[in-house]
Amino acid sequence: MLPVECAGCRERRPGLRHGVCPECVAALGALRPRAVRPTPAPPDLPPCVALGPYAGPLREALLAYKDHGRHGLARPLGALLAEVVAAAVGPARPVTLVPVPDTAAAARARYGDHLGRLTRHCADRLRRAGWSVRVRRPLRALPRPDSVTLDSAGRAAAAESAFRVHPRVPSAPDGAVVVLDDILTTGATLAAVGRALTASGLSPTVAAVLAATEKRHRS
């Protein structure tokens, strides 16, 4: 069997399961979801829970999945996102998952809706564990610059007009409404999603993300 590059550490190893070596699987499995919040936090940012910091094997796996076409990572990453949802919500109850939508340009560049794939696997994992899960997509993403190219102020400005609510939004569901995203940076996107959902009558209970950036302090 030919060696394959591990998505977590970039080492070439034979027979990788889901594209990640055993050491990186163990490192990802050791992560425990925790409450996170950027500083400063934008107004209307819902409570946020992340699997871990945007570093190490988690960061590398997300980059491989989003930017390098490793779509097979959607299943293990979606399972990890399900762990975050379960920790964020608490005891099992009805859950509505609302993924942050991609712009059309981002979806084309990544050969599909990367968060949509994660959401599907996340929902499947939760259902197998006995949860009642629905996925809703009440928002449409409008064209905006890639957030990677923007500073904090630019992210906030772009997020303000980034989403449009579909004309017919279903009534508020029972249970928890969980917004899903992959990475929490400044919180501007999740705050904008929270405002749009609240205005439509679908107020988010919490946001669940895989990774959160950590602010670097100058010595």
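Modeller: Let's start with a rule: a salt bridge is a side-chain nitrogen of Lys or Arg within 4 Å of a carboxyl oxygen of Asp or Glu. Before we use it, note that this is a predicted model, where local features need pLDDT of at least 70, side-chain atom pairs count only at pLDDT 80 or more, and totals for chains, interfaces and linings use all residues. Residues are numbered from 1 along each chain as its sequence is written, and side-chain values use heavy atoms, with hydrogens and water left out.

Biologist: Okay, which residue forms a salt bridge with Lys66?

Modeller: That's Asp182, and the closest N and O atoms of the two are 2.9 Å apart. Asp182 sits in strand S9 (residues 176–184) and Lys66 in helix H2 (residues 56–67), so the pair ties together parts that are 116 residues apart in sequence. Those labels come from DSSP runs, numbered from the N terminus: helices are H or I with at least four residues, strands are E with at least two.

Biologist: And are these two buried or exposed?

Modeller: First, the scale: buried means under 20% relative accessible area, exposed means over 50%, and partly exposed is in between (1.4 Å probe, protein chains only). Asp182 counts as buried because its relative accessibility is 5%. Lys66 is buried too, at 15%.

Biologist: How many salt bridges does the rule give?

Modeller: The count comes to eight. Another of them joins Glu23 to Arg13, with the closest N and O atoms 3.1 Å apart. This one also links distant parts of the chain, since Glu23 is in helix H1 (residues 22–29) and Arg13 is in strand S2, 10 residues away. Glu23 is partly exposed at 48%, and Arg13 is partly exposed at 24%.

Biologist: What separates Asp124 and Arg127 in helix H5?

Modeller: About one helical turn, because they are three residues apart in H5 (residues 114–128). Asp124 and Arg127 form a salt bridge whose closest N and O atoms are 3.6 Å apart.

Biologist: Which residues are linked in a network of salt bridges?

Modeller: Arg10, Arg59 and Glu60. Keep Arg10 in view for its backbone as well: its phi is near 70 degrees, a positive value in a residue other than glycine. You'll find Arg10 in the loop between strand S1 (3–5) and strand S2 (12–14), and it counts as partly exposed at 33% relative accessibility. Asp44 has a positive phi too, near 75 degrees, and is likewise not a glycine. Asp44 lies in the loop between S3 and S4 and is partly exposed, at 49%.

Biologist: Where does Pro40 lie?

Modeller: In the loop between strand S3 (34–36) and strand S4 (48–53). What to look at there is the peptide bond joining Thr39 and Pro40, which is cis, with omega about -5 degrees.

Biologist: Now the cysteines. How many disulfides are there?

Modeller: A disulfide is a pair of cysteine sulfur atoms within 2.5 Å, and by that rule the count is zero. Cys6 is in no disulfide, and the nearest cysteine sulfur, that of Cys9, is 3.7 Å away. Cys9 is in no disulfide either. Cys6 is buried, with a relative accessible area of 0%, while Cys9 counts as partly exposed at 31%.

Biologist: Take Leu77: what is it in contact with, leaving aside its neighbours within four places in sequence?

Modeller: Contact means heavy atoms within 4.5 Å. On that basis Leu77 meets Ala61, Leu62, Tyr65, Leu118 and Leu210.
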